[in-house]
Amino acid sequence: MPINFYQVTSSAPCRAVALAAAAVGVEMNFKHVDVMKGDQLKPEYVKMNPQHTVPTIDDNGFYLWESRAIMVYLVEQYSNDDTLYPKDPKQRAIVNQRLYFDACTFYPAFSDYFYPMIFAKAMVYGEKNEKIDEALSLLELFLKGEKYVAGKNMTIADLSVVVTVSLLEVLEYELSEYKNISRWYSMMKLYAPKYDEYNDVGVKLFKTLVDEAMKKESN
């Protein structure tokens, strides 16, 4: 039975979960949550998720939210092996560290810088930012001598981090100086399962929403 997946296609955390589901081979029943109309505040939604956030899953009555927690659950519950989330404590610790890095350092650096400008209708593409550059420098270091962000194999850490990198790319943030990131990012576009369908489409939709917001402000 497919897992009900309450999501917004343009949302980065939602796209990360979709990529993880594709990598595991889990069928998801995508259910769009119109947050602008308040779908997430309806009683039936709040009953599932009292924080009324996306993404949220309903796996036959088991409710879970927070994207990285969902990604871990999907692997532990449904994967045939532990490649995406190793059982070895040290290897798993590295994957967890990279997930927390994305959740607590990398993605907040992006959102703290870009979202106020987007919502204030004052978007300026291509400008550098110290916190983003610090996060990118760390990611560049993580990838030194490694094929993926947490070692030799693709893990859910890669699927989480690649979504953040794709946001920077689509908003024209300069990434070319980060050679390890650029190499890894090109590879992820090719080898992450359903990348075009689940991430590329969503990040382009995000860019369209930003462009439309800016156009309205300029008119």
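These legends describe close-up views of a predicted model.

**View 1. Helix α3 against helix α6.** Helix α3 covers residues 67-78 and helix α6 covers residues 156-170. The two pack with their axes 10 Å apart, at an angle of about 150 degrees. Angles over 145 degrees count as roughly antiparallel, and α3 and α6 are therefore roughly antiparallel to each other. Their crossing is right-handed. From α3, the residues R68, M71, V72 and V75 take part in the contact, and they meet I156, L159 and S160 of α6. By class, the residues of this contact of α3 with α6 are five nonpolar, one polar and one charged.

**View 2. Helix α1 against helix α3.** Helix α1, residues 12-24, packs with α3 at an angle of about 10 degrees, and the axes are 9 Å apart. Angles under 35 degrees count as roughly parallel, which makes α1 roughly parallel to α3. On the α1 side the contact is formed by P13, A16, V17, A20, A21 and V24. Their partners in α3 are S67, I70, M71, L74, V75 and Y78. The residues of the contact of α1 with α3 comprise eleven nonpolar, one polar and no charged.

**View 3. Helix α3 on its own.** Eight residues are labelled as buried in α3: S67, R68, I70, M71, V72, Y73, L74 and V75. The twelve residues of α3, at 1.5 Å a residue, should span 16 Å; the C-alpha atoms at its ends are 16 Å apart, in agreement.

**View 4. Helix α1 and the residue that follows.** Of the 13 residues of α1, eleven are buried, so this helix is largely enclosed by the rest of the structure. The buried residues are A12, C14, R15, A16, V17, A18, L19, A20, A21, A22 and V24. At 1.5 Å a residue, the 13 residues of α1 should span 18 Å, and the end C-alpha atoms are 19 Å apart, which agrees. Just after α1 comes G25, with a positive phi of about 90 degrees.

**View 5. Helix α6 and the residue E172.** Helix α6 is mostly covered, with 14 of its 15 residues buried. Its 15 residues should span 21 Å at 1.5 Å a residue; the end C-alpha atoms are 22 Å apart, which agrees. Just after α6, E172 has a positive phi of about 65 degrees.

**View 6. The loop between α2 and β3.** This loop lies between α2 (43-48) and β3 (56-59), and P55 is located in it. The peptide bond from V54 to P55 is cis, with omega near 0 degrees. H52 is found in the loop between α2 and β3 as well. Although H52 is not a glycine, its phi is positive, at about 40 degrees. The relative accessible area of H52 is 34%, so H52 is partly exposed.

**View 7. K194 between α7 and α8.** The loop that holds K194 runs between α7 (179-191) and α8 (195-218). K194 is a residue other than glycine with a positive phi, near 55 degrees. Its relative accessibility is 45%, so K194 counts as partly exposed.

Technical notes
Residues are numbered from 1 along each chain as its sequence is written. This is a predicted model: local features need pLDDT of at least 70, side-chain atom pairs count only at pLDDT 80 or more; totals for chains, interfaces and linings use all residues. Side-chain values use heavy atoms; hydrogens and water are left out. Axes are lines fitted to C-alpha atoms, for helices over the stretch in contact, and angles run from 0 to 180 degrees between N-to-C directions. Helices (H or I, at least four residues) and strands (E, at least two) are DSSP runs, numbered from the N terminus. Angles under 35 degrees count as roughly parallel, over 145 as roughly antiparallel, 65 to 115 as roughly perpendicular and the rest as oblique. A crossing is left-handed if the near helix is turned anticlockwise from the far one by less than a right angle, and right-handed if clockwise. Contact means heavy atoms within 4.5 Å. Ala, Val, Leu, Ile, Met, Phe, Trp, Tyr, Cys and Pro count as nonpolar, Asp, Glu, Lys and Arg as charged, and the others, Gly among them, as polar. The expected span of a helix is 1.5 Å times one less than its number of residues. Buried means under 20% relative accessible area, exposed over 50%, partly exposed in between (1.4 Å probe, protein chains only).
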